[in-house]
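Me: Please show me how to read the features of a model like this one, one at a time. I would like the general idea before each case.

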Amino acid sequence: MVNPNYKAELVGVFGHPVAENPTVVMQEAAFQALNLNWRYLTIEVLPEDLGAAMQGLRAFQMRGINLTIPHKVEVLKYLDVVKPDAALMGAVNTVVRKDDLLIGENTDGKGFMRALVQDAHVDPKGTSVVILGAGGAARAITVELALAGARQISIVNRSEDRGKALCELLNEKTPVQADYIPWVDAYKIPQDTDILINATSIGLYPNVDQKPEIEYDSLREGMVVCDVIPTSNTLFLTEAEKHGAKIISGLGMLVYQGAIGFTLWTGLEAPVESMYRALLDTFNTNA
Ligand code: NDP
């Protein structure tokens with residue numbers, strides 16, 4: 001007779017607010033698809049409780065955790081090891097517990113790269129990139145693009161301090177040439193741009209009728225235009241497609257960053273199709 005084992009392996013996410021984070025849907029779908037007795041818990045953690053929560057991760061012998069707003073930077077002080085690209089970004093979204101060690105990774109930019117390179121067949125080497133925004137998503141994406149050989153990155157951002165800080169980070173720590181452009185009026189996209197990315201929260205539900213302020217007539221056929229907002233039909237992408245651009249939604253980035261996390265935790269290849277379908281179902285149900 002086989003000894004019974006009623007203990008599930010635990011992972012999850014710490015955030016505040018966290019209730020609208022959909023990651024549980026795709027991770028639980030992945031566990032079911034591979035018949036794993038694992039659980040993904042969506043856990044509200046106040047900023048002042050992050051240290052205790054990380055201690056809890058050890059106490060409960062959880063296998064790992066995702067971090068979302070506002071914990072991605074603060075968590076660094078509770079980790080034993082931080083992987084080089086996450087250290088460059090100064091942000092961690094995935095922690096893996098290996099025995100006593102808490103290891104920090106950032107899968108956001110890697111998820112974006114997989115959607116760009118693997119699905120859309122775009123080679124970032126030697127490209128000229130314009131990114132709207134300079135927050136956590138923009139940091140993760142631009143560091144990975146720079147490490148993958150992008151030639152030039154223009155950071156267009158409303159607040160100067162964040163825009164300049166990201167620009168300095170890229171110029172000092174990666175081989176890319178970066179510049180900061182203040183975002184005042186509708187931004188005209190330079191004609192030699194290969195890849196344009198919206199990495200702001202403009203267009204995020206419920207503000208689905210909003211789009212970033214750019215001169216849409218400056219988009220040209222063949223430009224690759226990407227959004228981080230994880231729905232397939234943002235106004236930004238709809239407009240870009242009308243102007244002949246090749247578009248990439250944020251859904252692929254979301255699924256792949258989760259798939260990379262799944263593999264880091266379980267050591268298994270992620271059932272990407274099941275994760276993708278589960279997310280689409282939940283987005284369609286809640287639309
Ligand atoms: P942050 O709060 O770190 O950054 C937000 C950025 O958006 C800042 O650059 C901010 O500019 C800019 N911004 C917000 N509103 C406006 C506006 N009205 N006009 C101009 N700029 C604006 O957020 P994150 O970077 O963590 O997240 C950004 C988006 O990316 C979110 O919608 C998030 O859901 C999405 N995301 C998607 C992922 C995916 O897998 N698809 C993964 C991670 C994030 P300023 O500096 O001037 O305030």
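Reply: Begin with residue classes: Ala, Val, Leu, Ile, Met, Phe, Trp, Tyr, Cys and Pro count as nonpolar, Asp, Glu, Lys and Arg as charged, and the others, Gly among them, as polar. The model is predicted, so to read it note that local features need pLDDT of at least 70 and side-chain atom pairs pLDDT 80 or more, while totals for chains, interfaces and linings use all residues. Residues are numbered from 1 along each chain as its sequence is written, and side-chain values use heavy atoms, with hydrogens and water left out.

Me: How do the residues of the shell around the ligand divide into nonpolar, polar and charged?

Reply: The shell holds 10 nonpolar, 8 polar and 3 charged residues. A residue is near a molecule if one of its heavy atoms lies within 4 Å of it. Of the 21 residues around the ligand, those that come nearest are Ala134, Ala137, Asn157, Ser159 and Val228.

Me: Which helices each supply at least two residues of the shell?

Reply: Helices here are DSSP runs of H or I with at least four residues, strands are runs of E with at least two, and both are numbered from the N terminus. The elements in question are α5 (136-147) and α8 (250-266). The largest share, 3 residues, comes from α8.

Me: In what order do the strands of the open sheet run?

Reply: Two strands pair if DSSP finds at least two bridges between them. The order of the 6 strands is β2-β1-β3-β5-β6-β4, with mixed pairing. The edge strands, each pairing on one side only, are β2 and β4 (81-82). Strand β1 (residues 9-15) pairs in the parallel sense with β2 (residues 38-44) over 7 bridges, where Gly12 has Leu41 as its bridge partner.

Me: Is Gln61 buried or exposed?

Reply: Buried means under 20% relative accessible area, exposed over 50%, and partly exposed in between, with a 1.4 Å probe and protein chains only. Gln61 counts as exposed, at 51% relative accessibility. In β1, 6 of 7 residues are buried.

Me: Which backbone angles deserve a check?

Reply: Most residues other than glycine have a negative phi, and most peptide bonds are trans. Gln61 has a positive phi, near 50°, and sits in the loop between α2 (50-59) and β3. The bond from Ile69 to Pro70 is cis, with omega near 5°, and Pro70 lies in the loop between β3 and β4. From Tyr205 to Pro206 the bond is also cis, with omega near 10°.
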